[in-house]
Amino acid sequence: MIKVASTIEWFENLRRTDVALVGGKNASLGEMVRTLGEKGIKVPPGFATTSDAYWTFIDANGLRAAISELVGDWESGHATLAETGTAIRALILKGRFPADIAQQISEAYRELSRRAGKTEVDVAVRSSATAEDLPDASFAGQQETYLNIRGEAGLMDACRRCYASLFTDRAISYRKAKGFEQMKVALSIGVQQMVRSDLGGSGVMFSIDTETGFDKVVLINAAWGLGENVVQGAVDPDEYQVFKPLLGNAALTPITAKTRGEKAIKMIYATGNSPTRNVPTSKAERAAFVLADHEILTLARWASTIESHYCCPMDMEWARDGETGEMYIVQARPETVQSRRAAGALKSYRIDKKGRVLTKGIAIGDAVVSGQVCLIESVKDIDQFIDGSVLVTSNTDPDWVPVMKRAAAIVTDHGGRTSHAAIVSRELGLPAVVGTGEATHLLHTGQEVSISCAEGDEGFVYEGVAEYQVETLDVTALPETRTQVMLNLANPGAAFRWWQLPADGVGLARMEFVISNAIRVHPMALVKFDSLKDEAAKAEIAALTVGYADKSEYFVDQLSRGLARIAAAVYPKPVIVRMSDFKTNEYAGLVGGAEFEPSEENPMIGFRGASRYYSPRYREGFALECKAIKRLREELGFANVVVMIPFCRSTGEADKVLETMAEFGLTRGEAGLQVYVMCEIPSNVILAAEFARRFDGFSIGSNDLTQLVLGVDRDSGELAGLFDEQDAAVKWMISNVIGEARKAGAKIGLCGQAPSDHPEFARFLVEAGIHSISVTPDSFAQVKRQIAAAEAALPQG
């Protein structure tokens, strides 16, 4: 009889250095059970079989030589991958466990059942390869996991199937690609007490933003039932983002994003031959978030603790027990894509020309690619794939990896940011659009499309071949400047893409973008919902606000979280948020807006900006804006947010606006709140000293100021030649307001493209003594260099 010295190791006796003994997955589980329990992190108990037990099984059944020969035939081209994998798995599945190994596994299972207080505890049986979950080799889903296994006979069968899964086609192929010798990798089996997430929920989380590498957020996906559907991308899960630096303050709730997924199905326990099955979710489950805020924060804190312990960004799976309500971490491995990107290298894509949108979903990666669609709905048809095509399918699992490697991009109907399709696309460096809901219905093989993941969180499939430019920037090579260079940001979904830029903050965050794209509803239509006359608008608002008992809360929640993502990108540097500055015709275009807006001949100088905030027509809408800012600063914790008032025509109007803000909970100077004013009207320059007594700073809006100083409609094609921000009159205005602001001790900056388009204008601003210049991210490097050159040319001393 072949004896084995070490067959079983309990998780609590393992460390992360035991990869050779029990594989990466089980070593990590042991590390957490042993060291992180005292920090409040719960991991279900269990045990692992050792790599010695695997080799003993192989040798006891005389398989080593046979497997080596089969692998050799494949590597020499005498057998296909499918033939090789099938043959090896068949040999292993026919194998018998040596009696002493079988006995030790059975005894450990009985002890685990005793500890759980059950006759036969239900367990998850997980494969853990000895070359798995290393920092540069994720091996995501290469071997199998079996859920809801109960009884010694069922356990032994699942163990045998785990051993066989070391030679799935995908695992053989992956080891070859990563340079691992096929016969040098062993498999450990993890036997872990099941969390009854079939009655609760589960999902995946990362301690880093998966698309941009922004390291200050935790990303969490969640769905009802067992977690396999989230991992495989079979459901469109909820998604939450949490800002890590503010988690230490128990008084704050720094959840920067909450997106409700469809969650159409859930995996639950089954009886008979299959231990699990998928069933439709209820309407109530689809309409609800899986996690409450306190559960989101608990998971985020655990993710931060685990990341700190391992000293690297982590990819984790979690589960919530539906019987007890307890949360657990069931797996943790190093994140293998963003954490290994070259530091300081920032690649950006700009689309110049594109066709109509065919479908959209969640953007994975940040690239743009054009190609022909290859629609494949079943893995059995992957031999029909044409290399270099855009793979379109419902969702992927590890069996799709060989064909995914040959694709230019990937588009799926289902799945979230942590699904198999998303993870593998990132690892392969491919752009992907997942969770479109309809790609396989709308797209067809041979169709020319362009895939864009360069426009924020949303990914787009455009008709035809798009024209685009690619720029690579080394952010470590940018010069230092005394003048601050800040960013103009509007899209919360794209804010994290620019975290590596050495910006001095956000000089202009436009509230209108969040309102028009995320909220879409006129705030007064929410306040006055019950009295709306437009029935179509009421129906649309009702659909948008599902889950909100108070329609106004929808506006406050969406606006505060949208702005939070912009504030997080540069935290703790200042973020200047301009209160809404739609023109009346733009407000009227929002859902339900037509009932609340007057018709104006010239909206550009009409009922806009500050004049709206204290007007009975909009006062209640402005109250919602103020409530969102107050929540953003005081509940979410982004005290780096500065408020800015646009188009303030007089000092009397300034006083009215500040009084109105105070009524709605925003008092200048309280809780460190600073209030700036846009300098875009000649009266702001003429009475700059008076405005400086009321506000903490100015931001020059060069477009409106030029328009009003020169009397030129900036939208007029006939007068385009007369619109010149460098006109002597405009420069006189800018120079004077900079001087008055500095004299009063107020901050002053400028938002606009002129400094990037005209080096001499940047030089003029620097010579005038401006504190900051705020530009679009794609102009940042150019303006930074222009300002450095201008500062170098200044007289010394």
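**Surface and interior**

Modeller: The accessible surface of the protein comes to about 30,700 Å², and 49% of that area belongs to carbon and sulfur atoms. Such areas come from the Shrake-Rupley method with a 1.4 Å probe, and for residues only the protein chains shown count as cover. This is a predicted model, in which local features need pLDDT of at least 70 and side-chain atom pairs count only at pLDDT 80 or more, while totals for chains, interfaces and linings use all residues. Residues are numbered from 1 along each chain as its sequence is written, and side-chain values use heavy atoms, with hydrogens and water left out.

The protein contains 28 helices and 30 strands, where helices (H or I, at least four residues) and strands (E, at least two) are DSSP runs numbered from the N terminus. The radius of gyration is 30 Å, close to the 28 Å that the globule rule gives for 797 residues, so the protein is as compact as a globular protein of that length. That radius is taken over C-alpha atoms, and the rule is 2.2 Å times the number of residues to the power 0.38. The C-alpha trace spans about 100 × 55 × 50 Å along its principal axes.

The cysteines come next. Taking a disulfide as a pair of cysteine sulfur atoms within 2.5 Å, the count comes to zero. For Cys159, the nearest cysteine sulfur is that of Cys162, 6.3 Å away; Cys159 is buried, at 0% relative accessibility. For Cys679, the nearest cysteine sulfur, that of Cys648, is 11 Å away, and Cys679 is likewise buried, with a relative accessible area of 0%.

Cys311, by contrast, counts as exposed at 67% relative accessibility. Cys311 sits in the loop between α10 (293-310) and β12 (314-320), and has a positive phi of about 65° although it is not a glycine. Arg520 also has a positive phi, near 70°. Arg520 lies in the loop between α14 (511-519) and α15 (523-527) and is partly exposed, with a relative accessible area of 33%. A further backbone feature is the cis peptide bond from Tyr571 to Pro572, with omega near 5°; Pro572 is in the loop between α17 (551-570) and β25 (575-578).

Conventions:
Buried < 20%, exposed > 50% of the residue type's maximum accessible area, 1.4 Å probe, protein only.
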